Amino acid sequence: ITPQGKVKVLACLNQTNDQADPQSGVTMGTDGYFYGTSNGGDYYGSLWKMSSAGKLKTFGVFGALPNIFTPLAPPVLGLDGSLYGTAEEGGSTGCTYGFGGCGGVYKIKTSGKGYTLLYTFDQTNGANPYDPLLLGTDGNFYGITYYGGTVSGTFKNTGVVFKITPSGKYTALYAFCALANCDDGTNPVGGLTQATDGNFYGTTEYGGTGTGGLRQGVAFKITPAGQLTVLYNFCSVASCTDGSS
């Protein structure tokens, strides 16, 4: 779409080629191609690339357990030129709340070769990521999971903020609902942004101290070391005119 609003359809994704039902946008590679994911077609989902002229090629790298599947977010480019991404399901049968596994993190070359399953979530340290990774200024990737997470030995299942290195070393930086009544928020969505101060910023769908006990989410800041600060509690005014979730 042009800045003036003129739309041109470049390609129609189809179920036959496992391209159906994309849930988010695309990432532009240094090779000029656009990379995206779909979670339809064969149920497991796919990764695909598209030229600026609309020519599509599908990488059918996702599959049955123990692999991960259902990628909801596009991959991001690492400093090594490879693509890194998340998938919501698969990888582990340890998730006990109705999903087909806890999901995980993968790496793949832009050619579609060299697919590697870097990490599978195990529920304790996070589960079921909906959003893309963020390449931090330190060369590592940062992200959130909607579910999973343990606080002081107690399973909360309210989401985490995590860091993962390009080689797959995983660290859960923060598990939500660490404060009484989940005043720090629960179930983060929308991904992270790193600001010029080096800290990460994001939102949660629920939790916080919103008016009337509605607890309709927070905006938060978190340091690379995992210290979280709530910046704003949504639904802090009558009728939630400041927004919710």
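Reader: Which residue is the bridge partner of Met28 in E2?

Author: This is a predicted model, where local features need pLDDT of at least 70, side-chain atom pairs count only at pLDDT 80 or more, and totals for chains, interfaces and linings use all residues. Residues are numbered from 1 along each chain as its sequence is written, and side-chain values use heavy atoms, with hydrogens and water left out. Strands (E) are DSSP runs of at least two residues, numbered from the N terminus, and two of them pair if DSSP finds at least two bridges between them. E1 and E2 (residues 34–38) pair in the antiparallel sense over 2 bridges, and in E2 the partner of Met28 is Phe34.

Reader: Which are the edge strands of the open sheet?

Author: The sheet has 4 strands in the order E1-E2-E3-E4, with antiparallel pairing. Two of these strands pair on one side only: E1 (27–28) and E4 (56–59).

Reader: Is Tyr146 buried or exposed?

Author: Tyr146 forms an aromatic pair with Tyr130 (ring centres within 6.5 Å), and the pair is stacked (planes under 30 degrees apart), at 4.9 Å centre to centre and 15° between the planes. Tyr146 has 8%, under the 20% limit, so Tyr146 is buried.

Reader: How many residues apart are Tyr130 and Tyr146?

Author: Tyr130 is in the loop between E10 (116–120) and E11 (134–135). Tyr146 is in the loop between E12 (141–145) and E13 (150–151), and the separation is 16 residues.

How values were computed: Phe/Tyr/Trp six-rings, centres within 6.5 Å; stacked < 30°, edge-to-face > 60°. Buried < 20%, exposed > 50% of the residue type's maximum accessible area, 1.4 Å probe, protein only.
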